[in-house]
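Q: Hey, can you walk me through how the helices pack in this one? I'd like the cut-offs as we go.

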Amino acid sequence: MGTFNILVVFRTLGSLLFVIGVFMAIAMGVSICYQESVVYYFLISVAITLGCALILLFLGRKACKEMGRRESFFIVALIWVVFSVFGSLPFHLSGYIPSFTNAYFEVISGFTTTGATILDDIELMPKGLLFWRSIIQWLGGIGIIVITLVFLPFFTGGGTHLYRAEVPGIAFEKLRPRVKETSQKLWKVYLILTIVLTLLLWAGPMDFFDSVCHALSTIATGGFSTKQSSISYWDSAYTEYIIIIFMLLGGTNFTLIYYMFHRDFKRIRKDDEFKWYIYAVIVATLMVFIGLIVSNQVDGTLEHTLRNSLFQVTSIITSCGFSTADYIAWGPFFWIIMLILMVSGACAGSTSGGMKIIRSGTLIKTTLNEFNRQIHPRAILPVRINNIVVPQHIITNVMIFALVYVLVIVISTLSLTAVGVGFEESIGAVVSAVGNTGPGLGESGATGSFSYLPNSAKWILCFDMIVGRLELFTLLIIFLPGFWKKY
């Protein structure tokens, strides 16, 4: 395995930090356009960020181009921690989020596209900071590594290892060319969807600024809004249906969307995970809709109730976290459905969080095969997805992932209860954080915030958000003693 190459870590972090500094400067430009006093604090933040980037690039100037797997895992795990420090500077220095813990929580929630907020009055924020909240979600959705490979490929040697470390998981539909070409295609799909959604939202009751911010958050399935009451602020069926469609697209494997752009619909029709995803949305929506009718909680017309049901189900399964209704007020039956959707997540290769439908489907098929094997012990019962036999090592990986996922939730929930958070709030906040969903249960539900939590609980949830965004292994592996051993 060799010696750990710290110089390549410096160089890569420097190039990635440079990208963050550039986008922060764009957010500063928004503040300049609106003549806000926060421009001064943006300027300081940009100077600090770009200055540190140049220092790191200088320190790593003699690094070799090749990068090992250890360096890749370490860099990808580190960027979410370090970049959230720099990303929190405009909020903290300007005094709009005076507590560093709260500022860090808000930014790490943005970068990981979780959408959990500590803000209790979002409208008080200057537009530059609101735009920065949205842009960090957009950056985190496609992945900082992917964006850097597109714009600064000459800085990040070892891009393949970085890409695989930041975009882990299993998927049966992948773009075949080199990592750089794959990154460019993903970037184009991401950018086109964002522009189209911005224009569609602008055609409704939203103004241009709100349209841009919500497009950035929706495509990233992040959920940060410019309004405290989220999407319900506009009370517009048009806006809600448009966002539902694009949340569904955000939860779809971007490779399938790429094929859709090229009119290759045959791949989409044959993709098992996409079909399971749509079925899950339909079944969960009907369960919520019928549950609301049975419990006499019809809100206005049946169409409005159905729309609320579809919106909340889509928002939770895609981990977007927008809201048009308070599902906490609906009752425990609906909480359980939402928790299941948080754990399940949408498709692999999307911007959504959770375990992903592909893993859930693999686990279910493996379990059914085991039942059948009890009846027919000599039968050969392979697990097939997209008519492809799933190798045993992938099935093992999925089973271990599911076990570790549950362990992280259990340990984190115990940790939150140990620092004084109630059980209901603890389980909701942890499942939401690990699934990068946003709203939880109780006070941290769809219409609440995480501001009431003690600082210790917020730091635990920060860790959970990173673990969830990197799908467990990329972050947890660096805590193993064997990771640091020299071979």
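A: Helices are DSSP runs (H or I, at least four residues), as are strands (E, at least two), numbered from the N terminus. The model is predicted, with local features needing pLDDT of at least 70 and side-chain atom pairs pLDDT 80 or more, while totals for chains, interfaces and linings use all residues. Numbering starts from 1 along each chain as its sequence is written, and side-chain values use heavy atoms, leaving out hydrogens and water.

Q: Ok, at what angle do α16 and α19 pack?

A: About 30 degrees, with the axes of α16 (residues 332-344) and α19 (residues 423-434) 9 Å apart. The two are therefore roughly parallel to each other; that label covers angles under 35 degrees, with over 145 roughly antiparallel, 65 to 115 roughly perpendicular and the rest oblique.

Q: Which residues meet there?

A: From α16 you have Trp335, Leu339, Met342 and Val343, and from α19 Glu424, Gly428, Val431 and Ser432. Contact means heavy atoms within 4.5 Å. By class, that contact has five nonpolar, two polar and one charged residues. Ala, Val, Leu, Ile, Met, Phe, Trp, Tyr, Cys and Pro count as nonpolar, Asp, Glu, Lys and Arg as charged, and the others, Gly among them, as polar.

Q: And how do the axes of α14 and α17 cross?

A: At roughly 95 degrees, coming within 9 Å; α14 is residues 272-294 and α17 is residues 357-375. That makes α14 roughly perpendicular to α17. Glu273, Trp276, Tyr277 and Ala280 in α14 meet Ile357, Ile358, Gly361 and Lys365 in α17.

Q: What about α17 with α18?

A: The axes of α17 and α18 (residues 392-418) cross at roughly 110 degrees and come within 10 Å. So α17 is roughly perpendicular to α18. On the α17 side, Arg359, Thr362, Leu363 and Thr366 take part, facing Ile395, Val398, Met399, Phe401 and Ala402 of α18. That contact has six nonpolar, two polar and one charged residues.

Q: Switching topic: how many salt bridges?

A: Five, where a salt bridge is a side-chain nitrogen of Lys or Arg within 4 Å of a carboxyl oxygen of Asp or Glu. One of them joins Arg133 and Glu106 at 3.0 Å, N to O. This pair links distant parts of the chain, 27 residues apart: Arg133 sits in α6 (residues 127-142) and Glu106 in α5 (residues 100-111).

Q: Last one, what does Val39 touch?

A: Leaving aside neighbours within four places in sequence, Val39 contacts Met28, Ser31 and Ile32. Val39 is in α2 (residues 39-59).

Key: Axes fitted to C-alpha atoms, helices over the stretch in contact; angles between N-to-C directions.
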